[in-house]
Structures are given as structure tokens and as C-alpha cells.
Amino acid sequence: MVELVILLLLGIFIAAILATSIKIVPEYQRLVVFRLGRVIGVKGPGLVFLVPIIDRGLVVDLREQFIEVTRQTCITKDNAPVDIDLLIYFKVIDPAKSVLEVSDFRGAAIGIATTTLRAVVGDIELDDVLAKREYINQILRTKLDEVTMRWGVKVTTVEIREILPPREVQDAMIRQMSAERNRRAMVTEAEGKRESLIRVAEGEKRSAILKAEGEKQAMILKAEGERQAAILRAEGIATALKMINDVAERLDSRTMLLQYMETLKDVAAAPSTKIVLPMELFGLIRPLERMTKILGASEERASK
């Protein structure tokens, strides 16, 4: 019975030793192995064997991690207090140095971040602190990286999460923002009115131009029509005169005389008391006189 208990205890001891001696290291971790207090190397990933009692391993995570720096009160160049909190993203690139060179990396990083933040903000005025967040992030990352590189840690990013100025400054900023928005609204309204007036003026101008062009075209067309009508009337009169001339050329003097006599008869039948005879009529009467004289002479000779 005693031997059985001894064997059982021995089995448990061996199992415990084996459990502490065999380590399975994931891909994102490394095992810094100490043998009798001295670093013999970094092992992993995969299956790692440690000498019982002699070897001791410390696990180091290689994944990117972050440190949250709580709100820090900083004084700007123009003596305005601001509360700033930020996040520091880092990654272990040398597991052995991260174990040997610093005992508490997180605490050391927070300390460096807060002192560097106060120094950077102290050289900048309040307006620039609110506007140059990316610049402050870059300065902090560079300063932290210079220190943490000797610890085997790489600072990848520093991000300011929030900047809170004093309440009085916030109220002034709100009033300034409201005034700026009102100014922009007034400018926008004025621009709209100006644009509207310009468009109306341009519309009236175009309308007047089109109206003048229309009147001009109408006058041109009217003048062209009157010119065409005058030409046609002149051509008609010329044609009529030509026809009259042609007919007149075919008439003899007796026919013309009879026509004049008919005309004189019609004129004499009018109710007017005066008859105005053209001078040309006397020229037309002369042949009639000659004919009368000839007829009279003929009658005298016949009576003789």
C-alpha cells in the first residue's frame, strides 16, 4: 500500500515537471528563456522544451497593443489650460530587450507621453492646439519612438482622442461659431440677391435686345415689302404707259381728234360752270379747223 502511494506521488511529480517543461507558443507570442538567470534565447512559435527547475520562460506578446493615457491638463503658450487624453499604439519588435531593458513598459510609456505632451503643448497657442492635432500626434510619436526603440518596442501611432478647453473658452468658441455662421448666412443671402438681380438684369437686357432685333427685322421686312410694292406699282404703270403708247401709235389723227371731242363732250356735260381746257387741246383743234376750211372750200366750189 505504501509502495502504491509512493508510485502515485512520483507519477504526479513527473507529470507536473513535464507540464512545466513543455510549452506550446502561439504564432503571435515569443518565449524568452532564462537558464539559471541568464537569457539563452527567444524561442517559438510552436513546441518548446524547457529544462525542469533550471529553465524559466517569459511570454512576450508581439501583437500591436495600445495604452490609454488618461486626461492630462496642459498649459498652452498663451496660458490657457486644456485637458487632453490620447492613445498610444505600440508593437514589440525585440522580445529580449522588452524584458531586459525595462521593467514596466506601460508605465514608462505613459510617463514619457505625458511629459512630452506638456512640453509640446506649452510651445503652441490654444488656437493651434485645437487646429494642429495631427502635428501634435506626429511630434509625440517621434519623441516616444526615440526612447522606446532601446526597449525593443516600436511606437506605431499616437492619437489624441479629445481636447477640452476651459468652459469660458468653449462658450466663446460657440459664440464665435454662431457669429461666423450668421455672417456666412448673410453673405450667402447677399450673394443670392446679387445673383438674382444680375440674372434679372441679364434677362431684361436679352429681352430688350430680342425686342429691338424683332422690331428691326419687322421694319426691314416692311421696308422691303414697300420697296417691292413700289417696284411692282412702277412696273405696272410703266407697262400701262407702254400699252397706251403702243395703242396711241396705232391710232391716226382723226381717231385721236374724235376721242378728244368725246372727252370734251363729257366734260361739258358735267354740272360745273367752268371748263378748263388743256393747252394741248388747241393743238388738236388745228387739224379740225383745216378740215372745216377744206369742207367750206369744197362747198363753195360745188355751189359755183
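Is Ile 53 buried or exposed, and what is its relative accessible area? Ile 53 is exposed, with a relative accessible area of 80% (exposed means over 50%, buried under 20%, and partly exposed in between, using a 1.4 Å probe and protein chains only).

A word on the model: it is predicted, so local features need pLDDT of at least 70, side-chain atom pairs count only at pLDDT 80 or more, and totals for chains, interfaces and linings use all residues. Residues are numbered from 1 along each chain as its sequence is written, and side-chain values use heavy atoms, leaving out hydrogens and water.

Neither is a glycine, yet each has a positive phi.

| Residue | Phi | Loop between |
|---|---|---|
| Leu 36 | about 55° | strand 2 (29-35) and strand 3 |
| Ile 53 | about 70° | strand 4 and strand 5 (55-61) |

Leu 36 is also exposed, at 71% relative accessible area. Strands here are DSSP runs of E with at least two residues, helices are runs of H or I with at least four, and both are numbered from the N terminus.

Next comes helix 5, which covers residues 133-148. Its buried residues include Ile 136, Leu 140 and Leu 144.

Notes
The expected span of a helix is 1.5 Å times one less than its number of residues.
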